[in-house]
Amino acid sequence: MASELELSSTFIPSLYKPAALLPIARHRQNLLYLIETFSITIVIGHTGSGKTTQLPQYLDQAGWTTEGKIIGVTQPRRVAATTVATRVAEEMRCKVGEEVGYSIRFEDVTSAATRIKFLTDGMLLREALVDPLLSRYSVIMVDEAHERSLSTDVLLGVLKKIRNMRPELRIVISSATLQAEDFLRFFASGEAKNEHDGEVGGGVGRIISIEGRMYPVDILFLEKPAEDYVERAVKTVFDIHTREADGDILLFLTGREEIDNAIQKISEGAAIFHPKAQALLPLPLYAGLTNEQQLYVFEPAPENTRKVIVSTNIAEASVTIDGIVFVIDCGFAKLRAYNPNTGIETLTAVPISKASATQRAGRAGRTKPGKCFRLYTQHSYELLPETTTSEIQRSNLASVVLQLKALGIDNIVRFGFLTTPPAELVIRAFELLYSLGAVDDYAKLTKPLGVRMAELALEPMMGKALLSAPSFGCLSEVLSVAAMISLQGSVWILHEDDKKATENARRKFAVEEGDHLTYLNVYHAFTTKGKKDSKWCRDHSLNYQSLSRAVSIRTQLKRYLARYGIQADESVSSTMQQSDPSKLSESVRRCLTAGYFAHAAKMQPDGTFKTVNGGLTLHAHPSSLMFNRKADWVIFHEIQENRDKIFIRDVTRVEKNWLLEYAPEYYKVS
Ligand code: CDP
Ligand code: MG
């Protein structure tokens, strides 16, 4: 069945393809020359050509890490930072955290020996708060710049400023698409013009293209639109499995729930009908997974097994998985969108752009010719926008404004952005920060509250709640809640075959007043009764790794607060039973209201919720305790829009008069 060609390719799994064979290798000298000569180098190349894993090593070998200097490589996503660091450490034969390390929110795996550091762009911005010129770095590579994430855009603006003061700093911008000239023009603007540099940004930098080889990818469209793309995707997986040649499948869906759902259907289907001797191995890839779970997708499939990686758009560009021959593209991705009128940021599944569709298809042609099955019609494709609008044009900018203020950038409107955000978004950000007490009447950061909110690695609302906790007498509790909320992944193990088990486990920890107190209860049980033990977690359908992470996050937050002289008195309030539980519950809920008043909603007779200005109808998410329960007013952490409904997650019951008490100004204007 397998042709000779296929046989030989199985002899050398491409995972072990020597780095010298990667497309970037031919450009090594030229790259080093450009980086030596120009302060900005823009590298364009297909995903998988070696930009992220090889370029930092070239720089290290060429002497850019002598005298204690380090190379920083930023990633828009945590998953990319950790997996790539693991890979490069492997290539350099060291442990992660030694010569090669990574730093993401609440997880710093670096040491004094670290010379190459992968970090999220948000983390690098955070470092700039302490070291405004980023003086430890000789080279900063802004990777995946084409994604135009919020933090990438802010970082580019900050780097442009740093460059004026540190001309020796080298900035490398890597991009999978051809927006290179925009980046160069951005850095060149405001530079004294040099007459003989005819081209864009001639004196400042250069663009280098290292296009790797791409194999042809057959694109197939649906004839009629699919009613349910998850169903359709699962069907396509089986079609490929029964009809097509060997090769792994990469399926793009929009989020955790869809992915878990698809994985379950694929597993069930694979168990029922076993058309070939070959097995199907479905694996999820999304941001809420633990590092360990994320690494599974990179491992070669066991013998006689076809991997099906079901991923969010993480796999679109930032991580490269070898062996993919078939791509299934649902045509949607979850995008953050902030509505300045409602003041609410939703994560909504929206149609992708043509650029994304091309990028997704390209994932199939990396090692041999591939196929891309688009779960939409050619006609719908024609209607897609060319590119995705950058995040800065559609996000809640409160954190960005807070961060820029803390970096000493006072005039946000005149800050050199690659794309200037709409004025309306900037105004709303100031309004929220003002109502949280982070900025004053003159738009200056307040001291200490505003400054501390900027320094804490929490979003402004959670930051405000945590910093207010001592005055409510519940610091220890809110620390735990903040840590649990920061996990961004489920603490519950979802029993695919037995939804009841999860439900029962959940019920054991349920607290009437809502999800935040339930989290607190879980955390508390884990650290006391559960003795931080993995067996206890399994018995209670809890995710041991997530909870361990929560313990670590809590310790870090606590350490932060200690620096401000804010100490959690763990001895008194460490148990909910000791003090009056209902009093404590009220304090925690009041404290959360002081941070989350802008995320308040009122329950309607039909059980749905309405935002304060009545603009939106919200539904408690099925995973929430407030699903099918009565409340009058609630605050919530997160809002999510699925195809037809808007859900709120992490919901807690509060009192209307608390809203007026803690945010009188906010509720006067609204
Ligand atoms: O950054 P770019 O997309 O240009 O490529 P890269 O991430 O540096 O990947 C270069 C090669 O390393 C890919 O072709 C993969 O074969 C391999 N790689 C891997 O096997 N596992 C990883 N975690 C990362 C990269
Ligand atoms: Mg890369």
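Biologist: What is the relative accessible area of Asp239, and how do I read it?
Modeller: Start with the scale: buried means under 20% relative accessible area, exposed means over 50%, and partly exposed is in between (1.4 Å probe, protein chains only). Asp239 has a relative accessible area of 22%, so it is partly exposed. Lys235 is partly exposed too, at 45% relative accessibility. Keep in mind that this is a predicted model, in which local features need pLDDT of at least 70 and side-chain atom pairs count only at pLDDT 80 or more, while totals for chains, interfaces and linings use all residues. Residues are numbered from 1 along each chain as its sequence is written, chains are lettered from A and ligands numbered from 1 in the order in which they are written, and side-chain values use heavy atoms, with hydrogens and water left out.

Biologist: Which residue forms a salt bridge with Lys235?
Modeller: Here's the general idea: side chains of opposite charge can pair when their charged atoms come close. To count, a side-chain nitrogen of Lys or Arg must be within 4 Å of a carboxyl oxygen of Asp or Glu. Lys235 pairs with Asp239, and their closest N and O atoms are 3.1 Å apart.

Biologist: Where do Lys235 and Asp239 sit along their helix?
Modeller: They're four residues apart in helix H8 (residues 229-243), so about one helical turn separates them. An α-helix has 3.6 residues a turn, so residues three or four places apart point the same way. As for the labels, helices (H or I, at least four residues) and strands (E, at least two) are DSSP runs, numbered from the N terminus.

Biologist: How many residues of helix H14 are buried?
Modeller: Seven of the nine residues in H14 (residues 398-406) are buried, so the helix is largely enclosed by the rest of the structure. Among them are Val400, Val401, Leu402 and Leu404. The buried residues pack against helix H5 (121-130), H6, H15, H16 and helix H17 (460-472). After H14 comes Gly408, with a positive phi near 85°.

Biologist: What does Met453 touch?
Modeller: Touching, or contact, means heavy atoms within 4.5 Å. Met453 sits in helix H16 (residues 449-455) and is buried, with a relative accessible area of 1%. Leaving out residues up to four places away in sequence, its contacts include Leu402, Leu436 and Gly463. Gly463 is ten residues away in sequence, and the C-alpha to C-alpha distance is 5.5 Å.

Biologist: Which side chain makes a polar contact with the side chain of Ser39?
Modeller: A polar contact is a pair of N or O atoms within 3.5 Å; within protein, one must be able to donate a hydrogen and the other to accept it, and residues adjacent in sequence count only if both atoms are side-chain atoms. For Ser39, the partner is the side chain of Arg163, at 2.5 Å. Ser39 lies in the loop between helix H2 (28-37) and strand S1 (40-44), and at 9% relative accessibility it counts as buried.

Biologist: How many domains are there, and where do they run?
Modeller: Domain bounds come from an automatic or database domain assignment. Here, they give domain 1 (17-209), domain 2 (217-391) and domain 3 (456-662). The centres of domain 1 and domain 2, taken over C-alpha atoms, are 29 Å apart.

Biologist: How many residues of domain 1 are in contact with domain 2?
Modeller: 20 residues of domain 1 are in contact with 17 residues of domain 2. Between these domains there are zero salt bridges, but three residue pairs are in polar contact, both at pLDDT 80 or more. On the domain 1 side, helix H4 (78-91) and helix H6 (150-165) each give two or more residues. H4 gives the most, with six residues.
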